[in-house]
Amino acid sequence: MAPDALTRQAGAHFDPDPPARLGIAVSGGGDSMALLHMLSDWAGEAGVRLSVATVDHGLRAESAEEATGVARAAARLGHDHTTLTWRERPPGNLQDAARRARYALLADWARQRGLSDIALGHTRDDLAETLLMRLSRKAGVDGLAGMAPEFDRDGARFHRPLLFAGRADLRQWLRDRGVDWVDDPSNDDPAYLRSRARHALRDLSPLGIDAAGLAQTARHMAEARDTLRAVTAEIFGAIGRTEAGDVILDFAGLARTPDGIQRRVLRGAIGWIAGGDYGPRETALDHARAALAGQGAATLGGVLMRIRGDELRLTREYAAVAGCTATPGAIWDGRWLLRASDGAPGGVGDTTGMAIRALGPAGLRQCPTWRAAGIPRETVLAAPAVWCENVVIAAPLAGLGTAWRAVLAKNRDDFTAYLLSH
């Protein structure tokens, strides 16, 4: 079928250089089924090969059959399909845990299939509902900027090519083509905040507050956010630097900047060092700033902040990584890679029995020359090291093991770039 106007607009998201292979997350609902069929029409002309995945959270009895229905639809369109199952039930917010698991499962599936990009079926209505939800949480400019058209998570690049489209328009598009979809009853369950936001949006329409208008507001807030990010990055360039994965700031220079920029620099540094989906809230940041002014030190979000002389140094807190492990060649703590000196990932020779762990006090005692690097003890304690049982094979930041080097992973190697995108 030749691409129509909606299909062309969805495909235009990937211009001018679409990926050769693209993953699509399809639940079986109207939005993702429209995405599947639109991108299938577009991919033929664009020369893009599609793969389809459905995440079965196992939260409803019908979910397995719905995944099977998506598999049949994908097969009819000529695309391979994989069902990804999630069976964990951690305590706490189940919806948030399911969302995190969904992204992690999709990213892992993409890596296994050699895909770097995944398309999601979020729409203009999702964007508007998200804006209302964030208003209820007293969000600032960043939160009210809405949903990003594309973003990186868990090592994959996710795309939202349908943010221009309304939910009703997509369902009419499916009806016109005789394509079925399933409706998840939890979407109307008032126990969930998103469902309440969806109903509130309907109630607000008589006031002229609708999905299209809120989407435009989100675009305005995104422009303001991007401006603030650029200013923050420029100020950091004047007052800060990075070293050994730490962020170092001229404390007096930071204090001269407006409060909002101070928070952005500190929140950005904490996110760059510790990762995580969400940065610390304004109240927590202000408590940390007060502690710095009073005691010269504070911890927040797994990051230690300490003033030495004229400088404020932010480093990973050892307690936050004491139990973090990875195999040689894998990313440790979400940002560090230990590589052989020739640049090959993994180790030197046989790495059987080896693991990447934080150096810690026990490891530091095996590095008698660690002070020669001039890196503070707190930084070295939380730095990655290659262990074989209780023996440190290499600790590059502590000067042990010249055959190894520690490098920051691609998404965490440039703090200025991080400020511009977070």
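How many bridges join strand 7 to strand 8, and do the two run parallel or antiparallel? The points below, on a predicted model, start from that pair.

1. Strand 7 and strand 8 (residues 246–250) run antiparallel and are joined by four bridges. Within this pairing, E243 is placed opposite D246 of strand 8.

2. The two strands belong to an open sheet of five strands, ordered 7-8-11-10-9 and paired in antiparallel fashion. Strand 7 (240–243) and strand 9 (297–300) are the edge strands, each pairing on one side only. From one strand to the next, the twist averages 20°.

3. Helix 11 (residues 259–274) packs on this sheet and touches strand 7, strand 8, strand 9, strand 10 (303–308) and strand 11 (311–316). The direction of helix 11 makes about 30° with that of strand 11.

4. Helix 7 (residues 167–176) has R167, L170, R171, W173 and L174 as its buried residues. Viewed down the helix axis, these fall within an arc of 155°, so they line one face of helix 7. The face turned away from the buried side carries the exposed residues A168 and D176. Just after helix 7, G178 adopts a positive phi of about 70°.

5. Which helices are included in what covers the buried residues of helix 7? They include helix 1 (5–12), helix 2 (30–46), helix 5 (124–136) and helix 8 (193–204).

6. The axes of helix 1 and helix 2 come within 9 Å and cross at roughly 75°. The two helices are therefore roughly perpendicular to each other. Helix 1 contributes L6, T7, A10 and G11 to the contact, and helix 2 contributes M38, D41 and W42. By type, the contact residues are four nonpolar, two polar and one charged.

Definitions and conventions:
Residues numbered from 1 in each chain as written. Predicted model: local features only at pLDDT ≥ 70, side-chain atom pairs only at ≥ 80, totals over all residues. Heavy atoms only, no water. Buried < 20%, exposed > 50% of the residue type's maximum accessible area, 1.4 Å probe, protein only. Arc of directions from axis to C-beta. Contact = heavy atoms within 4.5 Å. Axes fitted to C-alpha atoms, helices over the stretch in contact; angles between N-to-C directions. Parallel < 35°, antiparallel > 145°, perpendicular 65-115°, else oblique. Nonpolar A, V, L, I, M, F, W, Y, C, P; charged D, E, K, R; others polar. Pairing = 2+ DSSP bridges.
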